[in-house]
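Here are my notes for when you open the file. Have it on screen as you read, and take the points in order.

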Amino acid sequence: MKKIINTTKAPAPIGPYNQAVLVGNMLYTSGQIALHPETMELVLDDIKTETKQVMENMKAVLAAADMTFENVFKTSIFISDMHNFKQINEVYGQYFDEATAPARETVEVANLPKFVNVEISMIAVK
C-alpha cells in the first residue's frame, strides 16, 4: 500500500506528481530543485545557495515521512554543468556523515526543470 507524502515546508509539486511516496518502509522522493517553499521562487544566487535550498527542501520531505538524512540509502544528483560538482558536493556533504553516507550517482544533463543547475532525489528506508 502506498502513502502519499506532502508537506507545505517543501515546494508544492509543479506537475502531476507528489513530493514523495512511502511504500511499506521505503520512501521514494521526487526530485527537488531550489524553489523556496513559501514563495515558490527559485533561489539561484549561486550554486552553493541553490544546492542548500535543494537539500533543505529534501530535509522537509524526509521529515514529513518521519525520517532524516540518516534514513537515506540512495541519492541521485542531476546537474547541468559538471564544473559545479565540487561546490555541490561540498554543500551536499554537510547533510551526511561521511562514514554512513548513501550510495549516489551524479549525472550531467542537458537541462533541468525551470533550467535550474541542480536537482536531487532520494530513496530512504525506516
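1. First, a term: contact, or touching, means heavy atoms within 4.5 Å. With that in hand, go to F96, which touches M55, F69, V72, T75, A101, P102 and M122, leaving aside residues up to four places away in sequence.

2. Some ground rules. This is a predicted model, where local features need pLDDT of at least 70, side-chain atom pairs count only at pLDDT 80 or more, and totals for chains, interfaces and linings use all residues. Residues are numbered from 1 along each chain as its sequence is written, and side-chain values use heavy atoms, with hydrogens and water left out.

3. Now the sheet: six strands, open, in the order 1-2-3-6-4-5, with mixed pairing. Strand 1 (2-5) and strand 5 (103-108) are the edges, each pairing on one side only. Helices (H or I, at least four residues) and strands (E, at least two) are DSSP runs, numbered from the N terminus; two strands pair if DSSP finds at least two bridges between them.

4. Look at strand 2 (residues 20-23) with strand 3 (residues 26-29): they pair antiparallel over four bridges. Here L22 sits opposite L27 in strand 3.

5. Which residues of the largest nonpolar core touch the most other members? They are L27, M55, L62, F69, F96, I120 and M122, out of 29 residues. Such a core is a set of buried Ala, Val, Leu, Ile, Met, Phe, Trp, Tyr and Cys residues joined through side-chain atoms within 4.5 Å; buried is under 20% relative accessible area (1.4 Å probe, protein chains only). Helix 1 gives the largest share, seven residues.

Terms used. Buried means under 20% relative accessible area, exposed over 50%, partly exposed in between (1.4 Å probe, protein chains only).
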